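Sequence and structure go in first, then my notes.

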Amino acid sequence: MNNTYAALNYSLCSVLAYTAGGIIFYFEAKRKKMISEKFLYIILAALLGGLIGSRLGSALFVYREFYFKNPLMIFSPVAGGKTVVGGLIGGYFGVITAKRIFNINRSTGDVFAPGLALGIAIGRIGCFLNGCCYGTVSNLPWSIRINGQLVHPTQIYESLFCFLLFIFLWVIRSRVRKEGDLFKIFLLIYSFFRFWIEFLRGDKVIFIFSLSIAQVLSASVFLLLSFYFLRPKRVA
């Protein structure tokens, strides 16, 4: 896959991404007066679920051959190959499980939303350093050379987009009235971008109808949330 040095850079950025996301979560939870011992378990569940989901998503849909031949590398902290979509799904189920165990009924998605955007932005820098998640062939002035050819720096595209998304969510976080909607806004915007950026991915693995699994999932999330926000509001 990648040499050890590149993989270590990737892992370092992953650690920074999870750390930054956790810090943002803490400050947002504190601002909303949600800090408690139970919510510390929510953070741990999100991190663990995200790590497991991101690696399993990679093993099942991206690097199948590599992990089939090297199954123990699934547990390696320096092995490349983590998927954002898999991490989001894994983290979501981790949080849901923890909330049920500790009987937490309050929505927690809003305190995660800005941190997730920032975490993805930092994580994609790791992808850039690692040489994974690269784009299709391009002759644009800002193209980068990977595997002997010039390609779109899709990692940088996504990193910049998610930094801007983080800033946007940070600015509007206190203006969103309904609890849970900030997280939905994050998912709506990111799923739209992810569906589009996949067309520029040179490492895309086709799932169905010339679409990757990330595109299928992103399109599904975008349509569901579009219906949520556009549906007629009930008047009491």
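Below are my entries on cysteines, one isoleucine, and the aromatic rings.

**Entry 1: cysteines.** Before anything else, I noted that I'm working with a predicted model. I searched the whole structure for disulfides and got zero. A disulfide would need the two sulfurs within 2.5 Å.

**Entry 2: Ile125.** I found Ile125 in helix α5, which covers residues 109–130. Ile125 is partly exposed, with 32% relative accessibility. Which residues does Ile125 touch, leaving aside those up to four places away in sequence? I got Cys13, Ser159 and Phe163. I then checked Ile125 against Ala17: the two are 108 residues apart in sequence, yet their C-alpha atoms are 9.6 Å apart in space.

**Entry 3: aromatic pairs.** How many aromatic pairs are there? My count came to 12. One of them is Phe161 with Phe193, a stacked pair with 4.0 Å between centres and 5 degrees between planes. Phe161 sits in helix α6 (residues 154–172) and Phe193 in helix α7 (residues 181–197), so this pair ties together parts that are 32 residues apart in sequence. The two partners get separate labels in my notes: Phe161 is partly exposed at 24%, whereas Phe193 is buried at 7%.

Next I looked up Tyr228 and Phe229, which form an edge-to-face pair, 4.9 Å centre to centre, with 80 degrees between the planes. Tyr228 is buried at 17% relative accessibility, since the cut-off for buried is under 20%. Phe229 is partly exposed, with a relative accessible area of 27%.

Back to Phe161 and Phe193: I see that they form one aromatic cluster together with Trp196.

**Entry 4: charges over rings.** Where does the charged end of Arg173 sit? I found it over the ring of Trp170, 3.7 Å from the ring centre. Tyr228 turned up again here, because I wanted to know what sits over its ring. The charged end of Lys184 does, 5.1 Å from the centre of that ring.

Note on methods
Residues numbered from 1 in each chain as written. Predicted model: local features only at pLDDT ≥ 70, side-chain atom pairs only at ≥ 80, totals over all residues. Heavy atoms only, no water. Helix = DSSP H or I, 4+ residues; strand = E, 2+ residues; numbered from the N terminus. Buried < 20%, exposed > 50% of the residue type's maximum accessible area, 1.4 Å probe, protein only. Contact = heavy atoms within 4.5 Å. Phe/Tyr/Trp six-rings, centres within 6.5 Å; stacked < 30°, edge-to-face > 60°. Lys NZ or Arg CZ within 6 Å of the ring centre and 35° of its normal.
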